[in-house]
Amino acid sequence: LFSIIACVSIYNASAFSLSTPQHQRTSTSTALHMEMPQSRRSILSTAALSISTAAALAINPQPSQARLEAVNRPDLLPAESDAVVIQTTKFLTTGQAKRMSDLIRALERDTGFRLRVLCQSYPNTPGLAIRDFWSLGKEDQKDDKYIVLVVDEFGGKGNVLNFNVGEGVKFALPNVFWTRLSGKYGTTFFVRENGIDIAITNAIEAIAQCLRSEDGFCTSVPDQG
């Protein structure tokens, strides 16, 4: 159905690219590359599918960026089928991961928005296997209220926060929000000064705060404590 190749961010300086021209691109520094049926045009499927990849490909790829091999490692998936935070590379402590999981589940219960987080260090990633695990980008799927955050340091180069966003999220959180979010918390400077764990938790909390706001809409990123 599709091949996964990249791990780049959605709204950043360089973003993941999908091989199917019909699909909209939504990543920036390290996102994922996948091929999808041309009948699917939602950013959601695009984003969701992108999640399972593991190769550095930008929306506007530079000559220095080489394609990485696709990965399919179901053995790296957790035993818990309802896991919303997966760490093949442990960027979050056990306590942080639990707190973020609780926040994400409550957000989905209260708003219907599905947020998922994958922390990885390519090639240590489930890759293609993540698609079925999180039910991403299926042909008959109508749920396009996806947000998938893929965190990968890629050797300390580029933005660590990679967002794949479904069409159903665009009204509440338009493209400019994701650009600002990755620019605020995903930069090498922020990670160096505050830690990658704080970059992740701040990003998740900012998303939840916006989706729970009275307006249910954000273009700017709220400050986190």
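Analyst: A residue counts as buried when its relative accessible area is under 20%. Cys-218 has a relative accessible area of 13%, so Cys-218 is buried. Please note that this is a predicted model.

User: What does Cys-218 form with Cys-210?
Analyst: Cys-210 and Cys-218 form a disulfide, with 2.2 Å between their sulfur atoms. The count for the structure is one disulfide.

User: Is that disulfide left-handed or right-handed, and why?
Analyst: The torsion about the S-S bond is about -95 degrees, so the disulfide of Cys-210 and Cys-218 is left-handed.

User: And Cys-210, buried or exposed?
Analyst: Cys-210 is buried, at a relative accessible area of 1%.

User: Changing topic: how many aromatic pairs are there?
Analyst: There are six aromatic pairs in the structure. One of them joins Phe-171 and Phe-217: the ring centres are 6.0 Å apart and the planes stand at 50 degrees, so this pair is tilted.

User: Where do Phe-171 and Phe-217 lie?
Analyst: Phe-171 is in the loop between strand E4 (161–165) and helix H4 (175–185), while Phe-217 is in the segment after helix H6 (196–212). The pair therefore ties together parts that are 46 residues apart in sequence. As for accessibility, Phe-171 counts as exposed at 70%, and Phe-217 counts as partly exposed at 35%.

User: Which residues form an aromatic cluster?
Analyst: Phe-163, Phe-177 and Trp-178 form one aromatic cluster.

User: What lies over the face of Phe-113?
Analyst: Lys-145 lies there, at 4.4 Å from the ring centre of Phe-113.

User: Now strand E3. How many of its residues are buried?
Analyst: Six of the six residues of E3 (residues 146–151) are buried, and the strand is mostly covered. Tyr-146, Val-148 and Val-150 point one way from E3, whereas Ile-147, Leu-149 and Val-151 point the other way.

User: In which sense do E2 and E3 pair, parallel or antiparallel?
Analyst: Strand E2 (residues 114–119) pairs with E3 in the parallel sense, over six bridges. Within this pairing, Val-151 in E3 is the bridge partner of Cys-119. Cys-119 itself counts as buried, with 0% relative accessibility.

User: And how many bridges join E3 to E4?
Analyst: Five bridges join E3 to E4, and these two strands run antiparallel. Opposite Ile-147 stands Val-165 in E4.

Methods. Residues numbered from 1 in each chain as written. Predicted model: local features only at pLDDT ≥ 70, side-chain atom pairs only at ≥ 80, totals over all residues. Heavy atoms only, no water. Disulfide = S-S within 2.5 Å. Buried < 20%, exposed > 50% of the residue type's maximum accessible area, 1.4 Å probe, protein only. Phe/Tyr/Trp six-rings, centres within 6.5 Å; stacked < 30°, edge-to-face > 60°. Helix = DSSP H or I, 4+ residues; strand = E, 2+ residues; numbered from the N terminus. Lys NZ or Arg CZ within 6 Å of the ring centre and 35° of its normal. Pairing = 2+ DSSP bridges.
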